[in-house]
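User: Hi! Could you walk me through the structure I have open here?

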Amino acid sequence: MQIAWANNAFLQVIEYIAVFCCGMVGGSATVRKGYDITAIIIASWLTALGGGIIRDVMLGVPPVGVNDKGLVITALASGVAMAFIYPEVDELRWSMLTLDALAMALFAVEGTAKALTLGSSGMTAAFMGMFTALGGGLIRDTLINKVPMIIADKHWYFVPAAVGCVCTVGICRMTQHGVIDVRIEMALELVTVVLVVAMRLLSVKFDISVPGAIARNHVYLPGEEHRR
Amino acid sequence: MQIAWANNAFLQVIEYIAVFCCGMVGGSATVRKGYDITAIIIASWLTALGGGIIRDVMLGVPPVGVNDKGLVITALASGVAMAFIYPEVDELRWSMLTLDALAMALFAVEGTAKALTLGSSGMTAAFMGMFTALGGGLIRDTLINKVPMIIADKHWYFVPAAVGCVCTVGICRMTQHGVIDVRIEMALELVTVVLVVAMRLLSVKFDISVPGAIARNHVYLPGEEHRR
Amino acid sequence: MQIAWANNAFLQVIEYIAVFCCGMVGGSATVRKGYDITAIIIASWLTALGGGIIRDVMLGVPPVGVNDKGLVITALASGVAMAFIYPEVDELRWSMLTLDALAMALFAVEGTAKALTLGSSGMTAAFMGMFTALGGGLIRDTLINKVPMIIADKHWYFVPAAVGCVCTVGICRMTQHGVIDVRIEMALELVTVVLVVAMRLLSVKFDISVPGAIARNHVYLPGEEHRR
């Protein structure tokens with residue numbers, strides 16, 4: 001009981017930080033387009049809590065994004081903060097990218113762990129983690145009518161999130177089977193967060209991209225006349 | 001019992017009118033772009049019932065948008081009507097704007113009251129009202145690939161909806177605590193609808209807009225070299 | 001019991017084929033835009049399973065799109081396959097259109113039948129079938145920031161899906177009332193699939209389109225001064 005609570009408190013702290021980071025990123029996208037303060041706050045709120053709402057609706061539990069006062073206030077506060085401090089945030093090179101990577105990593109761990117706690121299978125939990133981590137950005141880009149980053153970004157974006165979710169499934173499974181205790185679980189989860197952030201940032205820094213579809217000139221088709 | 005029924009009947013009438021208004025607005029957006037009759041009906045249906053479907057999915061109840069025959073027929077009828085009478089609706093100045101404001105106000109009251117009836121907290125109910133009021137427009141604008149009004153509209157759009165939801169929470173709470181009876185509740189809810197519509201129309205009429213992010217020229221950052 | 005199982009196995013086979021076809025269509029849209037392999041796989045996965053996820057969330061059951069290992073692997077495989085064989089698929093005239101029509105038809109039958117099995121009313125089941133059949137394409141086009149086919153396509157697209165769903169409701173109702181046995185039900189469902197595919201392909205082949213809103217030059221409005 002004690003252990004479960006401690007574990008949950010840890011995950012909740014992670015969730016608060018992720019929501020604030022993610023909200024700032026969402027607000028930033030609308031600030032840059034010159035939208036008004038309500039648009040900034042709505043974008044922050046939906047970016048920060050949208051992924052979690054999708055996860056909770058799929059898991060069939062009441063969505064924290066509209067039920068948890070603390071998280072809602074955090075998300076709204078991130079929007080308000082962004083309306084004031086966006087010049088500083090913009091000025092700090094890499095700040096947006098790092099915030100986004102951090103939010104993604106934290107949400108991947110938190111979303112996966114929450115689904116496992118609610119009894120999901122490993123695969124479902126990994127999907128829930130990915131929806132939590134990537135759903136907010138998807139909603140944000142749809143709101144401002146852009147092709148979402150998960151499709152358009154050439155660098156590693158989906159890959160680190162997927163790695164984070166799969167690692168979290170492994171870590172939680174080890175705890176459940178008594179291989180590691182809760183302290184080590186927390187440490188490993190933090191390592192996972194660092195790993196995900198590092199993968200994302202390094203792929204942008206060193207311009208490492210994911211390959212596209214296989215490029216081929218020759219088409220292997222029997223018979224049918226080919227278009228040129 | 002009698003009272004609850006009367007109250008529900010009142011909310012249901014509100015819902016029907018809101019669905020019809022909202023459906024006409026949704027259909028109008030596709031008529032103007034020259035899409036075909038199935039597109040008009042689909043856009044009407046999704047605009048009119050999409051917000052309520054989001055609310056019901058989040059509340060974990062069967063969505064009325066696909067279960068309530070009356071509402072579905074109303075939504076489809078609004079699409080069919082729009083395909084015939086759009087020149088008249090377009091001709092009447094302010095008609096679209098008023099219909100949209102009316103639908104928003106009615107949905108805000110109805111959505112919030114429904115969530116409270118199902119036992120949501122005040123904050124959750126206010127969110128549910130906002131999703132009901134603004135979700136349809138969000139879906140409509142996503143369908144026709146525009147930045148949604150909730151982000152792009154410079155005038156008061158989110159603000160009146162939020163005011164309507166918060167007022168409704170207050171009114172329903174007063175009824176629950178026996179401060180006012182159902183007749184007064186209905187009267188106050190109608191006043192709320194009028195207030196929301198008035199706020200929206202006046203903000204467009206007198207071009208009252210929401211301020212944007214704080215404009216600043218000076219960036220307060222210690223040390224780091226600044227970009228120009 | 002035996003009968004229900006046989007019936008379900010039939011529907012499951014249909015679902016697998018639909019998921020693979022639909023995934024290939026989704027992947028193809030991203031391949032053509034030059035996005036990378038993760039984007040292709042994500043688009044395939046969301047196009048193939050997104051419609052079913054929407055249906056399951058509305059029905060309040062755990063979404064198969066994140067819970068069924070077989071379906072998930074099928075969807076991912078369709079994305080991987082598309083990254084390799086897209087030149088062949090593109091080369092085969094009509095292949096994309098046929099795959100898309102087939103996926104739509106199979107999903108319409110499967111989605112409707114699933115909802116009826118879970119106790120939905122006929123109208124709700126027909127809607128669930130349409131969400132399953134058309135939801136994936138809606139998500140795909142939103143992802144790549146296009147006006148979705150359901151709105152933009154001038155040919156029959158929504159109409160065949162709706163016909164398929166309504167026919168399936170009729171067929172399942174007849175089985176439930178003992179008018180036809182399961183063998184005949186399966187045969188009729190296959191006929192429905194063929195009918196839907198034929199309607200879609202013929203409407204494109206012979207350029208049969210759905211009419212738009214009623215074109216009128218005269219506006220019937222009493223009094224008010226008309227804009228020119």
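User: What volume does the largest cavity have?
Analyst: About 1400 Å³. A cavity is a set of points on a 1 Å grid over the protein atoms alone where a 1.4 Å probe fits but cannot get out, and its volume is the space filled by probe spheres set on the points, joined across faces, edges and corners. This is a predicted model, where local features need pLDDT of at least 70, side-chain atom pairs count only at pLDDT 80 or more, and totals for chains, interfaces and linings use all residues. Residues are numbered from 1 along each chain as its sequence is written, chains are lettered from A in the order in which they are written, and side-chain values use heavy atoms, without hydrogens and water.

User: How many residues line the largest cavity, and which lie nearest its centre?
Analyst: The lining has 36 residues, with I54(A), I139(A), I54(B), I139(B) and I54(C) nearest the centre. Lining residues have an atom within 4 Å of a point.

User: What classes are they?
Analyst: 29 are nonpolar, seven are polar and none is charged. Gly counts as polar here.

User: New topic: how many residues of chain A and chain B are in contact?
Analyst: 35 residues of chain A are in contact with 36 of chain B, where contact means heavy atoms within 4.5 Å.

User: And how many salt bridges cross that interface?
Analyst: Zero between chain A and chain B, with a salt bridge being a side-chain nitrogen of Lys or Arg within 4 Å of a carboxyl oxygen of Asp or Glu.

User: What about the classes on chain A's side?
Analyst: The residues of chain A that touch chain B divide into 22 nonpolar, six polar and seven charged.

Note on methods: On a 1 Å grid over the protein atoms alone, a cavity is a set of points where a 1.4 Å probe fits but cannot get out, and a pocket is an open set with protein on both sides within 12 Å along at least five of seven lines; lining residues have an atom within 4 Å of a point.
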